[in-house]
Amino acid sequence: MTEFKSDFLKTLDSRGYIKQITHPAELDAYCASGTPVAYIGFDATADSLHVGSLLQIMMLRHFQKCGGKPVVLMGGGTTKVGDPTDKEKSRPLLTDAQIASNMEGIKKAFEPFLTFGDGPADAIMVNNDDWLSKIGYVEFLRDYGVHFTINTMIKQETVDRRLRNEQPYTFLEFNYMLLQAYDFLELYRRYGVRLQLGGSDQWGNIINGVELTRRVAGGEAYGLTSPLITTASGGKMGKTADGAVWLNADKKSPYEYWQFWRNTEDADVGRFLRLFTDLDLETITSLDQLEGARINDAKVALANAATTLLHGPEAAAEAAAAAAAVFGEGASADALPTVEVSQADLGIGILVAAAFSAAGLAASNGEARRLIKQGAAKVNDVTVSDQNGVLGTTDLIDGAIKLSAGKKRHALIKVAV
């Protein structure tokens, strides 16, 4: 393991954020002196970011806490092209109005995590459309196209996979990696950015930016990626049967957000505490050592800390209190009708509609689907939107899954002993 000297790299290393890194010794020295400047880019493909982007936001947060200046790059220009990285087909193209609306929604996610302002280490938010829309095509090809070879570009994983599978890879998408690399160069010139952070799926694009900046500007440029986070059972981080776990409160309430973290798999609790909270490592180690039923205390600590970061302590406390009303001491839960299922069936997965029918909350699977369509069906107090959703062992909270039809009818699903 590399022994880093800078507070930033020591923090990232100790909490499990580092997957790949360029020029580690040089980057370490840069982060240990003065006020380093780093950026991460976020394309405006939706009107909110989701938990899948939270790891990147947390890296910027740690960077600022360690004395660095974060630059949040909004992809107003690159969204017009669409990042093809790790995608099996082209992204739908958005209008300028859609992109502008999405950016307004996305900006809200950063305010709880970063301090914005005019100070040396205050975060700033910039839009790459400010320079990309002004590029002259022939001039861009002449000045920067010479630094990219088709030989290297087609070896990138997404391109290679699409070509091998004989799936279309448009010339528009092919240009995305050039534009992202140019972003790094432009940010280097305008704001003194020396470091790009991102997920490991962006490694090829980051390397392009590092190399272009070093070649054209002759300056320091570095890249660092975090691992792509999956759950212990192999699921994609931030995805549930009910869809994406959005960061904006108008798309995912603080209570639903709290419940998402409370439902974390046992094997993920320690890792998620390190990555998604500000709790110190000593506290996290203590929580990570809890076993048996006491691991639920660690899950509550995770939910409280993560929800406090995004929505504030008051919203986190309200969510915890609401959850305790049913799942805390178990008094309310004991009075609910209960249906027992086998561990094997729940391991395979049970249709939500079938669970509602079996629990007597709907007369049939069809009626249960109508409840879901009407927004009247909840699992663990979170509204279900997928009529074909499936319940699994990850939905268990303290050994039970709470089903609700409307505001007054509830039941529990438990594993037969």
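Six strands line up as an open sheet in the order β1-β6-β5-β2-β3-β4, and the pairing is mixed. Here strands (E, at least two residues) and helices (H or I, at least four residues) are DSSP runs numbered from the N terminus, and two strands count as paired if DSSP finds at least two bridges between them. The edges belong to β1 (20–21) and β4 (124–127), each of which pairs on one side only. This is a predicted model, with local features needing pLDDT of at least 70 and side-chain atom pairs counting only at pLDDT 80 or more, while totals for chains, interfaces and linings use all residues. Residues are numbered from 1 along each chain as its sequence is written, and side-chain values use heavy atoms, with hydrogens and water left out.

Val71 sits opposite Ile124 in β4.

Angles run from 0 to 180 degrees between N-to-C directions, using axes fitted as lines to C-alpha atoms, for helices over the stretch in contact. Helix α3 (residues 54–65) lies across β2, β3, β5 and β6, and runs at about 160° to β2.

Then there's the five-stranded sheet, also open and mixed, ordered β9-β15-β14-β11-β12. Its edge strands, β9 (338–341) and β12 (382–383), each pair on one side only. Further in, β14 (residues 400–405) and β15 (residues 409–415) run antiparallel, joined by six bridges. Ala405 faces Arg409 of β15 in this pairing.

Note on methods: Contact = heavy atoms within 4.5 Å.
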